[in-house]
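Okay, thanks everyone, I'll keep this short.

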Amino acid sequence: MATTRREFVRRIGLGAATGLALSHSFSRHGAQAQTLAQAESGVFDNGVMQLNQNESARGPGPKTLEAIRQHTTKRVGRGYAPDHVNELRSSIAERFGLDSTNVLLGTGSTPILEGSVHAFCSARKSLVTAVPSYSTSEQTARRMGVKVHAVPLDAGLYVDLPALAKLAPGAGLVYVCNPNNPSGTVHGPEVIEAFVREVMRASPDTIIHIDEAYINYTDPGAMETALPLVKEFKNVFITRSFSKAHGLAGMRIGFALGHADTLAKINASWGMGDVNMLGALAALTALNDDDHIEWERQENYAIKTFVMQAFKDMGYEVPYTQTNHLFVNLGMPASKFREACLAHDILVGRDFPPLENTHCRISLGSREEMQRAVAVFREVLAQS
Ligand SMILES: Cc1ncc(COP(=O)(O)O)c(C=O)c1O
């Protein structure tokens, strides 16, 4: 059923209030059962399809869900020194051939992104970033009054690495999102390596952050992790997130891999939050569930192929995406498209300046969701 933005906001508000009221009355178990049933069926969006945050529509794999269930016991009453967190750190270290001191955990990778700007930028040390790109580092720098060199994407919507390298000398931090959010484009290993060597040669004190949040969605051979460069250069670190292909956005876990001194500076400059025991256990299980991550990648591949083709058939340009979202040139303001889709209970991505008047980011949901979404996109675009 179609709904207006006002109705949507009201419904979300009412939903929250109703849930609260029920949990304090006779319906406690009924409400729990309903929430569980919704979660099991994949409906956890208050009736609005959420194609706006690049989360996995499928959530964690069966092994991870089972591990969470098995560990949801009274033991969670004891958690100030939470179980599994050290185990997660050492398991990540082992997986990537590093020491535990080369792994920094955070409640999502967000606090690590924020902390790195606090650690390495200042009134005299700028941030260099692409735009549009993932904006946490940029926003943190702007809040701190740090100078930001915001470099537009190139004509193919790739991060313009040569332009970033030119601005790196003297900068505190260079942020590279690979694959890039929102454009979905990716640079291969040779290009990344040449860029890192160039920056490290011209500006050895600058820190380079390579954000690999979407690496698990890339096509085989499209990219490689920058881990070998992390091992070679003290000033290069990468971040990863469990919020994307691992389906654990609600558990809030991410990590950085880097030189112990570099990570210690980030850790000292900002709160990383406390990773909780169920989150750590879930991440530990998901980290090593390679079969499920490969299934998730293939599922996303099938869905992205279907949705990209649908937009092409409608005559729109979509750069090939290596992520779980598309950045479509609709030739109209993203806000207008968003508003029209919301009237059909579908929420697409926010504005991404400087391309907010032409491009819209659409996260990829499940197969069923995207069947419905594509029908709505067709209708909305035909009317525009
Ligand atoms: C490129 C990129 N990096 C980092 C994050 C932060 O994710 P989280 O804090 O959930 O790890 C996101 C979230 O959308 C992202 O797109």
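So, let's start at Pro 132, which sits in the loop between β3 (127-131) and α6. Keep in mind that this is a predicted model. The peptide bond going from Val 131 into Pro 132 is cis, with omega near -5°. There's another one for you to click on: Asn 178 and Pro 179 are joined by a cis peptide bond too, and there omega is about 0°. Pro 179 belongs to the loop between β5 (173-177) and α8 (189-202).

While we're on backbone torsions, Arg 252 isn't a glycine, yet its phi is positive, about 55°. You'll find Arg 252 in the loop between β7 (236-241) and β8 (254-257). Is Arg 252 buried or exposed? Buried: 21 other C-beta atoms lie within 10 Å of Arg 252, and the cut-off for that label is 20 or more. Then there's Asp 345, also not a glycine, with a positive phi near 65°. Asp 345 is in the loop between α13 (334-342) and β10 (346-348). Asp 345 has 19 C-beta neighbours inside 10 Å, so it counts as partly exposed.

Okay, zooming out. The chain has 14 helices and 11 strands. Out of its 384 residues, 43% count as buried. If you take contacts between residues at least 6 apart in sequence, 74% of them join residues at least 24 apart.

Now the helix I'd like you to look at, α5, which covers residues 110-120. How many of its 11 residues are buried? The count is 9, so α5 is mostly covered. The buried ones include Pro 111, Ile 112, Leu 113 and Phe 120, and Glu 114 is buried as well.

What does α5 pack on? One partner is helix α6, residues 136-144; the two axes come within 9 Å and cross at roughly 45°. That angle is why α5 counts as oblique to α6. The crossing is right-handed. On the α5 side, the contact is made by Thr 110, Leu 113, Glu 114, Ser 116 and Val 117, and on the α6 side by Thr 136, Ser 137, Thr 140, Ala 141 and Met 144. By class, that contact has 4 nonpolar, 5 polar and 1 charged residues.

Helix α4 (residues 85-95) packs with helix α11 (residues 277-287) at about 25°, with the axes 8 Å apart. At that angle α4 and α11 are therefore roughly parallel, and α4 passes α11 in a left-handed crossing. The α4 residues involved are Val 85, Glu 87, Leu 88, Ser 91, Ile 92 and Arg 95, and they meet Ala 280, Ala 283, Leu 284 and Leu 287 in α11.

Next, the ligand. Which residues come nearest to the ligand? Of the 13 around it, those are Gly 108, Ser 109, Thr 110, Ser 241 and Ser 243. The shell has 4 nonpolar, 8 polar and 1 charged residues.

Last stop: Met 370, in helix α14 (residues 367-383). Met 370 is buried, with 23 other C-beta atoms within 10 Å. Leaving out residues up to four places away in sequence, Met 370 touches Ile 303, Phe 306, Val 307, Leu 364 and Gly 365. Phe 306 is 64 residues from Met 370 along the chain, and their C-alpha atoms are separated by 8.6 Å.

That's my tour, thanks.

Notes:
Residues are numbered from 1 along each chain as its sequence is written. This is a predicted model: local features need pLDDT of at least 70, side-chain atom pairs count only at pLDDT 80 or more; totals for chains, interfaces and linings use all residues. A residue is near a molecule or strand if its C-beta atom, placed from the backbone, lies within 6 Å of it. Ala, Val, Leu, Ile, Met, Phe, Trp, Tyr, Cys and Pro count as nonpolar, Asp, Glu, Lys and Arg as charged, and the others, Gly among them, as polar. A residue is buried if 20 or more other C-beta atoms lie within 10 Å of its own, exposed if 12 or fewer, and partly exposed in between; C-beta atoms are placed from the backbone. Helices (H or I, at least four residues) and strands (E, at least two) are DSSP runs, numbered from the N terminus. Two residues are in contact if their C-beta atoms, placed from the backbone, lie within 7 Å. Axes are lines fitted to C-alpha atoms, for helices over the stretch in contact, and angles run from 0 to 180 degrees between N-to-C directions. Angles under 35 degrees count as roughly parallel, over 145 as roughly antiparallel, 65 to 115 as roughly perpendicular and the rest as oblique. A crossing is left-handed if the near helix is turned anticlockwise from the far one by less than a right angle, and right-handed if clockwise.
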